[in-house]
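Let's take a walk through this model together. Please have the sequence and the 3D view at hand.

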Amino acid sequence: MKKILLTLGAAAIVGASVVSCNKGGDTKVSSEDKAFGDSIAVALGEFAGAQQNSQFNRMTTQLDSAEAAKYSREDFMRGLKTVMAADTSKLAYYQGLMFGLQLMQPINGMTNQYGYPVDKDVVLKAFQKVFDMPADSVQAKGQEYYMAYSTLFQEAETRMKAREAAKRAESPEAQEALSKGKAYAEKMTKEGYTRSESGLVYKIENPGTGDKVKATDKVKINYVGKHVDGEVFDQTQPEHPYTSAANSFVPGFTEALQLVGKGGKVTVVIPSELAYGADGAGSVIAPNETLVFDIEVLDVNPE
């Protein structure tokens, strides 16, 4: 029953319409069938109501107070009644309603979440132009339409991420982390650390033996990761070293590995632009945070 209800869509409407047409206009219904139909109607309504009640309550708890105030049961019922009151004998009209609801999802998403206002009238005009074209013409250009929309959608995501990153970078927390990181890096250069062209600040305690690590090598390492205040946020255990490709880390860590060979030890100060940048990393690494690592290369295997 649940699967049937959740899959009600255009196919189900088509089937209902065909059955209705096949009756040849005979609208006589027995009282028994009417009573049975009413029982189905009540069961369907109660089941769907329970399902949407749970979903509605879940949505309400996920919205902020401003959005929750706009999310009312009265509006939900008004929308539902509009569809239920539609003339189901006109199948195309009913399908148009359903598709319109689907089309509103990307329109609302781009407008409200991505911040790019999508004009519904412009959408309808473009839709009408292609919808009225001969089928063979649309089929020939179908991939072109898809690629145009897909490309713009990807660009919208890229722009949104860049905008969010810029916002995070300007936050007080990010600015404080950036300031502390720069001050720490300057302090360590004055204490004898070397600064590379990329901005990595490092001190080699043991250069190791053999060739230096290459980005494509697989390495076995032990490391301790610290904030600039000395607090450890991540480390391996000596008996359980970490093995991975040298180029699988943040850029600053990969560069640090390439400073030494097998058995080498190096301490590095990785500025945020060579670490996790304005994004940070969850609740552990703040936006724009400079990281400090003590790294020991136990083994090197060329790949």
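In strand β5, which residue is the bridge partner of Val219? It is Ser244. Before going further, a word on the ground rules: this is a predicted model, in which local features need pLDDT of at least 70 and side-chain atom pairs count only at pLDDT 80 or more, while totals for chains, interfaces and linings use all residues. Residues are numbered from 1 along each chain as its sequence is written, and side-chain values use heavy atoms, with hydrogens and water left out.

Let's stay with strand β3 (residues 218-226). Helices (H or I, at least four residues) and strands (E, at least two) are DSSP runs, numbered from the N terminus, and two strands pair if DSSP finds at least two bridges between them. β3 runs antiparallel to β5 (residues 242-245), joined to it by four bridges. Nine bridges join β3 to β7, again in antiparallel fashion, and here Val224 stands opposite Asp294. With strand β4 (residues 232-235), β3 pairs in the antiparallel sense over three bridges; Gly225 has Asp234 as its partner there. The hairpin of β3 and β4 has five residues between the strands, and in it Gly230 takes a positive phi near 95°.

How enclosed is β6 (residues 265-270)? Five of its six residues are buried, so the strand is largely enclosed by the rest of the structure. Buried means under 20% relative accessible area, exposed over 50%, and partly exposed in between, with a 1.4 Å probe and protein chains only.

In the loop between β6 and β7 you will find Asn288. Its phi is near 65°, a positive value in a residue other than glycine, and at 8% relative accessibility Asn288 counts as buried.

Now for the aromatic rings. Rings of Phe, Tyr and Trp (its six-membered ring) pair if their centres lie within 6.5 Å; planes under 30 degrees apart count as stacked, over 60 as edge-to-face and the rest as tilted. The whole structure holds twelve aromatic pairs. One of them is edge-to-face, between Tyr223 and Phe253, at 5.9 Å centre to centre and 85° between the planes. Because Tyr223 lies in β3 and Phe253 in helix α10 (residues 251-257), this pair ties together parts that are 30 residues apart in sequence. Both residues are buried. Ring pairs also link Tyr223 and Phe253 with Phe233, Tyr242, Phe249 and Phe293 into a cluster.

Finally, turn to the helices. Helix α6 (residues 91-113) and helix α7 (residues 120-131) pack at an angle of about 125°, with axes 12 Å apart. That makes α6 oblique to α7. Here axes are lines fitted to C-alpha atoms, for helices over the stretch in contact, and angles run from 0 to 180 degrees between N-to-C directions; those under 35 degrees count as roughly parallel, over 145 as roughly antiparallel, 65 to 115 as roughly perpendicular and the rest as oblique. Phe99, Leu103, Met104 and Ile107 in α6 meet Lys120, Val123 and Phe127 in α7, where contact means heavy atoms within 4.5 Å.
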